[in-house]
Amino acid sequence: RFDREAAIDRKIRSAEALWKQLTEVAKPSDNQLSPEEVFLLDFDIDFANGDGKAAVALGDPGTAEHVGVVVPGINTAVGTIERTLDQAAVLRATVHAINDQDLPQTATIAWLGYDSPNGLEDAANRAEAHQGSPWLKSFVNGLRSGHMISPQAPHISVFGHSYGSVVTGMAALDGMKADDVVVYGSPGIGRSFVTAKDFEQRIWAAETKDDPIWLARLIPFMGSNPTSARFGARKVPVGNDQSGHSGYLEHESQAALNFARVLLGRLKDLG
């Protein structure tokens, strides 16, 4: 009985934390969001033994011309989706910062629709990526087929961070209908002996100069290194002042600016 009550209490705390994050994301002026632009697309607190799953959109993906989906890495649960939600908010706000006039409608989504591994040891066998990649594919393809204007209308980009890039890579190889795929801080693309030419999507890779993710590449199960010359991904420039594994999508950073350009399809402006 005690274990059952503890599990219920954990789920309640996670749900309360998610609700708080949904309201808090619109408060910072830098995020340029109103509460009416925050949509909870998916939620299941029982998923993954109580870690839960959720998909939160900033802007309406059913009418947006450009949609970006942010896929997080390890140690992410409903109660800690704030980190991914912040990245989605920075990405959308950076789009607005590029040009406020005549800006195409844009939506970004924090997608936690898979069982994020709990730590590196849990991530090593890629089981969660194998399980989660079909769900990501289904979600992204649903965004396209369910678009209120036309399935061909939205330009969809998927941004996979860390272990999320493994999930994203597998989904892309399995028919995920995205136009662009950006992997950053990536341990690998999910499958070995593939190159960017094996994908239907444009594949981009970004990595800070001192990202310790190279240690994870010592685990052979993660698949091809997307930053290698052999793989042949397009490189997304990051600022010399950007460092570490989690500092890519920060307000006014070069990486955020270039990610926003990919999201808008302004590829010639990358720099």
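**Figure 1. Contact between helices α4 and α5.** In α4, the residues Ala127, Glu128, Ala129, His130, Gly132, Ser133, Leu136 and Lys137 meet Tyr163, Val166, Val167, Thr168, Met170 and Ala171 of α5. Contact means heavy atoms within 4.5 Å. The residues of this contact divide into eight nonpolar, four polar and two charged. Here Ala, Val, Leu, Ile, Met, Phe, Trp, Tyr, Cys and Pro count as nonpolar, Asp, Glu, Lys and Arg as charged, and the others, Gly among them, as polar. The model is predicted: local features need pLDDT of at least 70, side-chain atom pairs count only at pLDDT 80 or more, and totals for chains, interfaces and linings use all residues. Residues are numbered from 1 along each chain as its sequence is written, and side-chain values use heavy atoms, with hydrogens and water left out. Helices (H or I, at least four residues) and strands (E, at least two) are DSSP runs, numbered from the N terminus.

**Figure 2. Crossing of α4 and α5.** The axes of α4 (residues 127–145) and α5 (residues 163–173) come within 8 Å and cross at roughly 55 degrees. Axes are lines fitted to C-alpha atoms, for helices over the stretch in contact, and angles run from 0 to 180 degrees between N-to-C directions. The two helices are therefore oblique to each other. Angles under 35 degrees count as roughly parallel, over 145 as roughly antiparallel, 65 to 115 as roughly perpendicular and the rest as oblique. The crossing of α4 and α5 is right-handed, meaning that the near helix is turned clockwise from the far one by less than a right angle.

Figure 3. Buried means under 20% relative accessible area, exposed over 50%, and partly exposed in between (1.4 Å probe, protein chains only). The buried residues are Tyr163, Gly164, Ser165, Val166, Val167, Thr168, Gly169, Met170, Ala171 and Ala172. Their cover includes α4, α3 (120–123) and the strands β3 (66–71), β5 (155–161) and β6 (180–184). Just after α5, Gly175 takes a positive phi of about 105 degrees.

**Figure 4. Gln201 and its polar contacts.** Gln201 lies in the loop between β6 and β7 and counts as buried, at 5% relative accessibility. The side chain of Gln201 reaches the backbone oxygen of Met176 at 2.6 Å. A polar atom of this side chain also lies 3.2 Å from the backbone oxygen of Ala172. A polar contact is a pair of N or O atoms within 3.5 Å; within protein, one must be able to donate a hydrogen and the other to accept it, and residues adjacent in sequence count only if both atoms are side-chain atoms. Leaving aside neighbours within four places in sequence, Gln201 is in contact with Ala172, Met176, Ala178, Asp179 and Val181.

**Figure 5. Ser224 in its loop.** Ser224 lies between β7 (202–206) and β8 (234–235) and counts as buried, at 9% relative accessibility. A polar atom of the Ser224 side chain lies 3.1 Å from the backbone nitrogen of Phe193. Beyond neighbours within four places in sequence, Ser224 is in contact with Gly188, Ile189, Arg191, Ser192, Phe193, Val194 and Phe231.

Figure 6. Asn75, in the loop between β3 and α2 (82–98), has a positive phi of about 60 degrees although it is not a glycine. Asn75 is partly exposed, with a relative accessible area of 39%. Ser162, in the loop between β5 and α5, is not a glycine either and has a positive phi of about 55 degrees. Ser162 counts as buried, at 10% relative accessibility.
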